[in-house]
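Biologist: I would like a close look at one part of this model. Please keep it brisk and define your terms as you go.

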Amino acid sequence: MTKSKSSSKFSIVLRLIWRRGEGKFALIVLASWVVVSLVSLVWTPQSLWATDGYHVWAKPSVAHWLGTDGTGADVFSWLMAGARTNLFIAILAVVFAGALGILLMSAMVSRNSALSNVSVVAVDALISIPTVLIALILAVPMGASVAVVIIACGIGYGLNLARIARPQALLAANSDYVGSALSYGASGFSVMLHHILPNAMPTIMVQLSLSAGTAVLAESGLTYLGFGVPSGVPSWGHSLATSVKFINVYPLTVLWPGLIVTIVVVALNVFGDVLRDAIDPVTNPELRRS
Amino acid sequence: MRFVIRRFLLFVVALLAISVVIFAALRILPGDVASVMAGLNAPPERVAQLRSQMGLDRPLVVQYFSWLGGLLQGNFGTSLLTGRSISSTVAMRASVTFPLIVLGLIVALAIGLTLGVVSTLATRPAVRSAFHFIAIVGGAIPALWGGLLLILLFGRGTGLLDVLPSQGFPEAGWGNFGSALASLVLPALTVGIIDGASLMRYTRSALGDVMNSGYMDQAMACGYTRRQAALKVGLRLATPQLVSVVGLMSAGMITGVMVIENLFALPGIGAGLVTDLGNRDLIAVQSELFMLAAFFLFVGFLVDLLHRFLDPRLKHAVQGGVQ
């Protein structure tokens, strides 16, 4: 192998995921999500703003693959463009949650007992505040915006992540190898980076993959309530919310956005499950050899 | 006992902290509460009048403490739009939301516990993966869409089966018990099915952990079959963990409930909060947000106590920490 160590590890994990049927499904769906998002930046079958007043709520046709909505806009094009907004939200929410979660986790297992006590207590108390409430509090001064969804999800999932990753981190923090590293004069920061974080990383990655799914769900709910993606910005929640009002008349239009959200969230959840098995060095000898 | 006191103090501190956050969120608005409430084209005199009427011309610290003092006495303020006291409005809305949460929880428990236990005990791979599929897909459905599908299937007027009301709540409220209950069936099913799927996953993993433990070997050595051991010993051992999950889930249900109340046009807490926010009735919003947050923090407090009470092993565990 000429590849660097980390990239070969990455490719081994990918291969292990691909080897399983549901892993294949997850990888294909997630890859399509990224591809569609990128394509939608340069091309959609119809312009997003082209409204066709004569063909409102049209049935699927060659021009409009999934029909049109109440303003005559092309449903398929809006769903394509929605993919990129949801991808953007999911990625930023996960990055934010990961950063906050790792920071809180580090504080919770810190040797400074005042810091660790305060952070454990704070996380315990705040964990029961649901994401939607955080979003509401943010929406009061900020109005409906993509940022509200990202920050609310980031805070909510970050707290969750810290709580879930803490046992693993604590186990590593109390281990003999950390003790010996400290006795050699390693700093707390370096121990965190080289010993504790790698131990907690599998748990963190699985949890973040699940959080990405929850972020997609949260977007649809918050946008429907009017605190999420502002109107005019394409997103799956937006497509779902606009079709809701006319469900009595045009029930078919409502099927597509919900179906896409469900498939993508299933893929993210499955990916998390398969990832859990794939990155476990105990069950995968290939990972130990690399 | 020390644990109870410490946990209670934590609850109080968190309550105070969240009240500061909510208060601050409403004060860092561009402009101020009065100008936002008065609307865009309001004359300055109207804004000034509102400001003094609501006491917004006082220093922030005074405003905060007078609000907090009111909360402590059970005085949540009056809505400027309707002129009614906020606590009575919220109580009325809660009479829709709490039954909805309880019904949803019953559905979720019935689905989640049953399927979770059955799927743990299932031995045939095909059956196991079928249950796995149900759990994964059920948890991935957006609440809004799940509700829509149920309306399309069962809703009166629109649905294929045309059996249940899908819009609104009877004027008379619970005075008209039958139709009040009927109007909550579809919303509760929506909330319950989605949370039931995630509860099923938790049940399976909690019970699965216990199934591999020495307790099970012990029970089976005493003559229990695998199923008896799971139902009589396994479930009891998994209970503390499940109670935590169910507690947090019932609080987290408000997320789904908010969407569902709007979808089914139910006059509950979630839908009311959205309306008040839309109407910029910010004093009401401030108190309602606080009440919701207090409710969640209280549930978290209760769950931790219950968890401790249900798992006698924890009494002898190290003080502090969660587990």
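How are α10(B) and α11(B) oriented to each other?

Modeller: First, the ground rules. This is a predicted model, where local features need pLDDT of at least 70, side-chain atom pairs count only at pLDDT 80 or more, and totals for chains, interfaces and linings use all residues. Residues are numbered from 1 along each chain as its sequence is written, chains are lettered from A and ligands numbered from 1 in the order written, and side-chain values use heavy atoms, without hydrogens or water.

Now the helix pair. Helix α10 (residues 226-263) of chain B packs against helix α11 (residues 269-278) of chain B at about 80 degrees, and their axes are 7 Å apart. Axes are lines fitted to C-alpha atoms, for helices over the stretch in contact, and angles run from 0 to 180 degrees between N-to-C directions. Helices (H or I, at least four residues) and strands (E, at least two) are DSSP runs, numbered from the N terminus. α10(B) and α11(B) are therefore roughly perpendicular to each other. The classes are roughly parallel under 35 degrees, roughly antiparallel over 145, roughly perpendicular from 65 to 115, and oblique for the rest.

Which residues touch? α10(B) brings B:Met258, B:Glu261 and B:Asn262, while α11(B) brings B:Ile269, B:Gly270, B:Ala271, B:Leu273 and B:Val274. Contact means heavy atoms within 4.5 Å. Five of these residues are nonpolar, two polar and one charged. Here Ala, Val, Leu, Ile, Met, Phe, Trp, Tyr, Cys and Pro count as nonpolar, Asp, Glu, Lys and Arg as charged, and the others, Gly among them, as polar.

Next, the chain around this pair. Chain B has twelve helices and zero strands. Its C-alpha atoms fill a box of roughly 80 × 55 × 35 Å along the principal axes. In chain B, B:Arg308 lies over the face of B:Phe3, 4.2 Å from the ring centre. The test is NZ of Lys or CZ of Arg within 6 Å of the ring centre and within 35 degrees of the ring normal.

Finally, the partner chain. 49 residues of chain B contact 36 residues of chain A. The two chains bury about 3,700 Å² between them, 80% of it on carbon and sulfur atoms. Buried area is the accessible area (1.4 Å probe) that two parts lose on being put together, summed over both. On the chain B side, B:Ala140, B:Leu144 and B:Trp145 lose the most area to chain A, together 15% of what that side buries.
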